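Please examine the structure shown here together with its sequence.

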Amino acid sequence: MLILCAAQVGTSGDNATVGVSASALVQQFGASMDQIQMANATYSLIAGAMMIAGGLIGLILGWRRSFRIGLVLLAVSEVVAAFSPSIEVFIYGARVMTGAGASLTIPAVLGLIAGNYQGKDQALAFSGLAAASGLSAALMPVVFGMLLDVMGLRFTYLCLSAIFVSVLFASSKVTDVAVAKDKPKLDIVGILLAAVGLMMVIVGTLKMPVWGILKPLTGFVVFGFSPAIVMTVFGLIVLTSLLMWEKRYEKLGGLALIPAKIIYNKQVQVGLYIGALFWVGSAAPAAITIPYIQLVGGVSSAQAGMSLIGMSVGTVGVAMLLPAKLSGLQVRMVCAFSLIGAAVAAFIMAQGLQLDGYNYLLIIGQTLMGCSVGAMASQCSIIVTDALEPREAQQSGGIQATVRNIGYAIGIAIMGVTMLSVMSHDYKQQVLNSPSISEVSQNGIEAMSSIPFLGDSDFSELIKDKVADSSEVQMLVEINQKTRLKAAQMGLYAIAIFMLLFLVTLRHLPQRSLMRTKAEVLDTDEKHVEI
């Protein structure tokens, strides 16, 4: 478990480090806000597209071998990140390889836990994994934020590579899980359909803030629409074809990429939703609050990382406390409180943002968000495995990881679309309604396709050639400060609403604790009948 948790610490730490690398990426590569968000999301994009296949590959190659191959890719990806000559290589080289490595490593971790532990031990193992993720989210931003500030980007990512190399050497101690001697055939058609469909959906969703939802914001147009919506719809059509193919493939006796027992089980569906919402809640700081306090408040990478300690401590504490000390709580009640808590947390975080940075409410909100997603983490995997037979439970690791990464991408997209819509609409309206801004300057601002989310100095540089008089720049910057704050807050409000919408799905969960196996529950019931 220590070795598996160390792998989780590495992948979570990698994401956390990228989350506080905004300033370093701007200084090193001149990265824009769009590129910074893409760097954060590319891991989820690639991993989401490949993790279902990773779950199947683990059954074919063996979970430990799949685990090791993933670690090799992760170690190499951090070296590529360290020596990237441009932001494009960082994103499409290093981050893509990181996603590929994680698509093997994470399903293998979940498969090894599902195969080696049962009942309460399994719940504790999954919670320990969530706690390891939270612990890395607490320590990595601070430690690696300091390294970014003092030693620079290259040294920091080489340290991440060293973590994966260390776990690789220790992996010989991991107890493997026996797989069938008759190796199933690799569903190549299913893998291709899943990869294309998921990639199209995730890229389309992520690009909506940049390309537009329906109306195109750039010169890139497809059939008169934004390419983002066209890409997303096409991806959904491909995924529908995938489900049809998998149903047919399974009927012919093949090992489906997405078995019907997994995808059409209502309890499993809810477990997947909760796992995705864990990452939606976790995405809020990476997508909004950390970039905001770095670009607006001017805080360093280390300071930005320290602001996340409360969230990470909350995640670790609740993820470990629930299965260890409060194992009798009903799963439906725990999930309901976690969703409501996450919604309240997003609202409090929004109040913690200020024109010039943040206040103590941001820390309180992030801590509550950590507690809420910690509760989700303690339940989501056991909800899925409780409803499945051992083989399907092991294979579900790839599907769980995929849905979580899709959740992360959807969370960023929801916040990004909301923020961009508010930024562009409200800013232009305030400029057009201001009697102090000349008509020439108003027309210059109105002609902009969108208003990007930038710090004051970068925004001043952007608009200086669009104003009639340089004295108007300061007024336009002040309007931007107010609009930027409102946009960030609205992004968090959107997350709060999104969390509450999923309360209706909880009716498919059993009204009991899942800390015991079904056999243990039946045995207890029989003893009660005898008494």
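Phe 223 is found in the loop between α8 (188-211) and α9 (227-251); helices (H or I, at least four residues) and strands (E, at least two) are DSSP runs, numbered from the N terminus. The phi angle of Phe 223 is near 55°, a positive value in a residue other than glycine. Most residues other than glycine have a negative phi. Phe 223 is also exposed, its relative accessible area being 75%. Here buried means under 20% relative accessible area, exposed over 50%, and partly exposed in between, with a 1.4 Å probe and protein chains only.

The model is predicted: local features need pLDDT of at least 70, side-chain atom pairs count only at pLDDT 80 or more, and totals for chains, interfaces and linings use all residues. Residues are numbered from 1 along each chain as its sequence is written, and side-chain values use heavy atoms, with hydrogens and water left out.

As a whole, the protein chain has 20 helices and two strands. Of its 531 residues, 58% count as buried. Contact means heavy atoms within 4.5 Å. Among contacts in the protein chain between residues at least 6 apart in sequence, 81% join residues at least 24 apart.

Two packed helices are described by the angle between their axes and the distance between the axes. The axes are lines fitted to C-alpha atoms, for helices over the stretch in contact, and angles run from 0 to 180 degrees between N-to-C directions. Helix α4 (residues 63-82) packs with helix α7 (residues 153-170) at an angle of about 165°, and their axes are 7 Å apart. That makes α4 roughly antiparallel to α7; angles under 35 degrees count as roughly parallel, over 145 as roughly antiparallel, 65 to 115 as roughly perpendicular and the rest as oblique. The residues in contact include Phe 67, Leu 71 and Glu 78 of α4, and Arg 154, Tyr 157 and Phe 164 of α7. By class, this contact of α4 with α7 has 16 nonpolar, one polar and three charged residues, where Ala, Val, Leu, Ile, Met, Phe, Trp, Tyr, Cys and Pro count as nonpolar, Asp, Glu, Lys and Arg as charged, and the others, Gly among them, as polar.

Two further residues of α7 can be followed. Thr 156 is found in helix α7 and is buried, with a relative accessible area of 0%. Not counting residues up to four places away in sequence, Thr 156 touches Thr 17, Phe 144, Leu 147 and Leu 148. Tyr 157 forms an aromatic pair with Phe 90 that is edge-to-face, at 5.6 Å centre to centre and 85° between the planes. Rings of Phe, Tyr and Trp (its six-membered ring) pair if their centres lie within 6.5 Å; planes under 30 degrees apart count as stacked, over 60 as edge-to-face and the rest as tilted. Phe 90 lies in helix α5 (residues 87-116) and Tyr 157 in helix α7, so the pair ties together parts that are 67 residues apart in sequence. Both Phe 90 and Tyr 157 are buried.

Another helix pair consists of α14 (residues 331-351) and α19 (residues 472-501), which pack at an angle of about 170° with their axes 8 Å apart. Helices α14 and α19 are therefore roughly antiparallel to each other. Among the residues that meet are Leu 339, Phe 347 and Gln 351 in α14, and Gln 489, Tyr 493 and Met 499 in α19. The contact of α14 with α19 has 14 nonpolar, two polar and no charged residues.
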